[in-house]
Amino acid sequence: MQSHGPAELRPLLLLLMALLGATGGSRAQPQPLDESCPPAACGDLTITYPFWLRGRHAPSCGFPAFEVTCSDDPTGATPPSLSGSYLRLIDIRYGDRTVVALHASLVSGGACRAMRFNVSTSLALSPLAVSAANWELFFRSNCTGAAPPPAGALRLDCPGAGAWSVYAGQRYDPGDGSLAPAAPPVEPAGCNFTVVPVMPGSELRTWDDYAGIVGRGFMLEWTVPGDCAACNATGGRCRYEAGANAFGCLCPGGRVQPATCGELLSVTLLMPLRIVHFVLTIPRAHNRLAKSA
């Protein structure tokens, strides 16, 4: 019976050490990540994933709906636009996944424009949604058998549309001085009715307040696929993959994983372990064959 000593296994062990050294070396000295998506300034805003700045970032730096275009207004009074739409960005709150934006047509078109305005419809195919934390500006007219508008409502006369009552309402009104969610007001029966979201705390006392209210904008919440924080925690950078229309985690070495770089690391570690198992089982297999012979 022939046995296999350490000398006969030496070539296999040397091969194993070379493979382990290669994988270990790649982890110890990772290739630099793609740095084409650094945070960029646009006025007072910092633009980073899932947003990207047109003319500064590649489209893979963020989702298409979050393309930001800086205004060429030399005074800086015009906020940047979002995805070439009428939405103008006032603030981006990355921790809360919310933005504050105004609708340019509401600001420039006067109060009568609001009667033909529907925010929810304009965002139907967008990853943005109107936040329930907003207050609301109500427009109502041609009411039949409905309760009168609240005290302090303003009258609005629009050509061809008749008279409207306009007033601001709070979404949070528990009645005990604390804040708690409450159902939005029910549309009065027999009324034409329009709602415009506005920032919490907005008050419409006179028509002089209107431009300031719509100019402060309203809050929108965003939802995008993927967990960017988890990708970053494993050494990756968050990207948008246009070919798959999906989130991608760019890992050291330039490979893109669907979720985190941990997936790539586990594959890298698993291969040497399988080789170790293979090398250790060779002597046992030879011994069994020798015994059977």
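This is a predicted model: local features need pLDDT of at least 70, side-chain atom pairs count only at pLDDT 80 or more; totals for chains, interfaces and linings use all residues.
The protein chain has 293 residues, and 32% of them count as buried. Its secondary structure consists of six helices and 16 strands. Among the contacts in the chain with a separation of 6 or more, 57% are between residues 24 or more positions apart. The accessible surface comes to about 16,900 Å², and carbon and sulfur atoms account for 57% of this surface.

The sheet is considered next. Strands of a sheet pair through backbone hydrogen bonds, and the pairing may be parallel or antiparallel. In this model, four strands form an open sheet with antiparallel pairing, and their order is 10-11-9-12. Which strands stand at the edges of this sheet? They are strand 10, residues 154-158, and strand 12, residues 192-198. Each has a single partner strand, and therefore one side of each is left without a neighbour in the sheet. From one strand to the next, the twist averages 25 degrees.

The pairing of strand 10 can be followed in detail. Strand 10 is joined by five bridges to strand 11, which comprises residues 162-169, and the two run antiparallel. Within this pairing, L154 has V166 of strand 11 as its bridge partner.

A disulfide is a covalent bond between the sulfur atoms of two cysteines. The whole structure contains six disulfides, and one of them joins C112 to C158, with an S to S distance of 2.0 Å. C112 lies in the loop between helix 2 (104-109) and helix 3 (119-122), while C158 belongs to strand 10; the pair is 46 residues apart and links distant parts of the chain. The torsion about the S-S bond of C112 and C158 is about -95 degrees, and the disulfide is therefore left-handed. Are the two cysteines buried or partly exposed? C112 has a relative accessibility of 21%, so it counts as partly exposed. C158, in contrast, has a relative accessible area of 6% and is buried. The reasoning rests on a cut-off, because buried means under 20% relative accessible area.

A further disulfide is formed by C37 and C61, whose sulfur atoms are 1.9 Å apart. C37 is in the loop between helix 1 (6-28) and strand 1 (40-42), and C61 is in the loop between strand 3 (52-53) and strand 4 (67-69). These two cysteines are 24 residues apart, and their pairing links distant parts of the chain. The link of C37 and C61 is left-handed, with -80 degrees about the S-S bond. Both C37 and C61 are buried.

The disulfide of C251 and C261 has its sulfur atoms 2.2 Å apart. Its torsion about the S-S bond is about -105 degrees, so this disulfide is left-handed. C251 lies in the loop between strand 15 (246-250) and strand 16 (256-257), and C261 lies in the loop between strand 16 and helix 6 (262-292). The pair therefore ties together parts that are ten residues apart in sequence. C251 counts as buried because its relative accessibility is 1%. C261 likewise counts as buried, because its relative accessibility is 6%.

Charged side chains provide the last topic. How many salt bridges are counted in the structure? The count comes to four. One of them is formed by R54 and E67, the closest N and O atoms of which are 2.7 Å apart. R54 lies in the loop between strand 3 and strand 4, whereas E67 lies in strand 4; they are 13 residues apart, and the pair links distant parts of the chain. R54 counts as exposed because its relative accessibility is 54%. E67 has a relative accessible area of 14% and is therefore buried.

Another salt bridge brings together the side chains of D157 and R155, at 3.1 Å from N to O. R155 has a relative accessibility of 57%, so it counts as exposed. The side chains of R205 and E203 also meet in a salt bridge, at 2.2 Å from N to O. R205 counts as exposed because its relative accessibility is 60%. E203 has a relative accessible area of 40% and is therefore partly exposed.

How values were computed: Residues are numbered from 1 along each chain as its sequence is written. Side-chain values use heavy atoms; hydrogens and water are left out. Two strands pair if DSSP finds at least two bridges between them. Axes are lines fitted to C-alpha atoms, for helices over the stretch in contact, and angles run from 0 to 180 degrees between N-to-C directions. A disulfide is a pair of cysteine sulfur atoms within 2.5 Å. Buried means under 20% relative accessible area, exposed over 50%, partly exposed in between (1.4 Å probe, protein chains only). Contact means heavy atoms within 4.5 Å. Accessible areas come from the Shrake-Rupley method with a 1.4 Å probe; for residues, only the protein chains shown count as cover.
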